[in-house]
Amino acid sequence: MSFDREIYVNLPVANLDRSMAFFRRLGFEFNARFTNEKCACLVIGENSFVMLLPDPVFEEFIPGKSISDTNTSAEALVAVSVPDREAVDDMVRQAVEAGGSAYREPADFGWVYYRAFQDLDRHIWEVMATDESLAPGGEPDEPDEFKEGDQ
């Protein structure tokens with residue numbers, strides 16, 4: 001039996017409307033079925049989503065813990081693939097124009113190129129384009145802990 005998993009990454013945001021406008025400027029859409037005044041479902045791909053939750057709503061999901069101060073720490077890196085290098089540069093440029101900021105220098109390994117930006121709440125988003133035909137050694141090795149028979 002096969003199950004097609006979905007992923008929902010939850011991120012706290014200070015201002016939901018402002019965050020939604022930011023991501024719309026980058027070309028993202030929202031799933032209206034899971035978007036209301038308490039949250040917004042940012043569509044990353046067919047089965048990949050980021051739930052933008054105002055701080056008080058996010059806090060309901062983390063009893064006994066506090067939201068990370070993104071000025072001094074990071075709680076996650078969200079990585080998004082795009083078709084090519086030009087699209088990587090375009091998304092980072094659009095993020096900066098929409099009020100975000102570029103984060104760290106670009107990385108170019110020949111077969112993978114990526115850059116990063118911080119959104120309005122200083123969450124780090126990596127944007128990457130890959131060409132696996134240029135990867136050294138072909139297919140990347142599977143980590144030992146995921147090889148068949150190792151249970």
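Me: Which residue stands opposite Ser81 in β8?
Reply: In this predicted model, Met128 of β8 stands opposite Ser81.

Me: What makes β5 and β8 a pair, and in which sense do they run?
Reply: Two strands need at least two bridges to pair. β5 and β8 have 5 bridges, in the parallel sense, so they meet the definition of a pair.

Me: Which residues of strand β5 are on its covered face, and which on the uncovered one?
Reply: Strand β5 covers residues 77–81, with Val78 and Val80 on the covered face. Leu77, Ala79 and Ser81 are on the uncovered face.

Me: In what order do the strands of the open sheet of 4 strands stand?
Reply: The order is β1-β4-β3-β2, and the pairing is mixed. β1 (7–13) and β2 (29–30) are the edge strands: each has a single partner strand, so one side of each has no neighbour in the sheet.

Me: How do you know that strand β3 and strand β4 pair, and in which sense?
Reply: Residues 40–45 form strand β3, residues 48–54 form strand β4, and 5 bridges join them in the antiparallel sense. The requirement is at least two bridges, so the pair qualifies. In one of these positions, Cys41 has Met51 of β4 as its bridge partner.

Me: Which strands does helix α1 lie across, and at what angle to β4 does it run?
Reply: Helix α1, residues 16–25, lies across β1, β2, β3 and β4, and runs at about 150° to β4.

Me: How many disulfides does the structure hold?
Reply: The structure holds 0 disulfides. The cysteine sulfur closest to that of Cys39 belongs to Cys41 and is 7.7 Å away, which is too far for a bond.

Me: Why is Cys39 called buried?
Reply: The relative accessibility of Cys39 is 14%. Buried means under 20%, so the term applies. Cys41 is buried as well, at 0%.

Me: What makes Asp89 and Arg115 a salt bridge?
Reply: Their closest N and O atoms are 3.0 Å apart. The limit is 4 Å, so the pair counts.

Me: What makes Arg104 and Glu126 a salt bridge?
Reply: The closest N and O atoms of Arg104 and Glu126 are 2.2 Å apart. With a limit of 4 Å, the pair counts as a salt bridge. Arg104 lies in strand β6 (residues 101–108) and Glu126 in strand β8 (residues 124–130), so parts 22 residues apart in sequence are tied together. Arg104 is partly exposed at 38%, whereas Glu126 is buried at 16%.

Me: How many salt bridges are found in the whole structure?
Reply: The search finds 5 salt bridges.

Me: Why is Ile44 called partly exposed?
Reply: The relative accessible area of Ile44 is 28%. Under 20% would be buried and over 50% exposed, so a value in between is called partly exposed. Ile44 is in strand β3. Leaving out residues up to four places away in sequence, Ile44 touches Phe28, Phe49, Val50, Val80 and Trp125.

Me: How many helices and strands does the protein have?
Reply: There are 3 helices and 8 strands, and from the N terminus they run β-α-β-β-β-α-β-α-β-β-β.

Me: What share of the residues is buried?
Reply: Of the 151 residues, 34% are buried. The protein exposes about 10,000 Å², with carbon and sulfur atoms supplying 48% of that area.

Notes:
Residues numbered from 1 in each chain as written. Predicted model: local features only at pLDDT ≥ 70, side-chain atom pairs only at ≥ 80, totals over all residues. Heavy atoms only, no water. Helix = DSSP H or I, 4+ residues; strand = E, 2+ residues; numbered from the N terminus. Contact = heavy atoms within 4.5 Å. Axes fitted to C-alpha atoms, helices over the stretch in contact; angles between N-to-C directions. Disulfide = S-S within 2.5 Å. Buried < 20%, exposed > 50% of the residue type's maximum accessible area, 1.4 Å probe, protein only. Salt bridge = Lys/Arg side-chain N within 4 Å of Asp/Glu carboxyl O. Areas by Shrake-Rupley, 256 points an atom, 1.4 Å probe, with all protein chains shown as cover.
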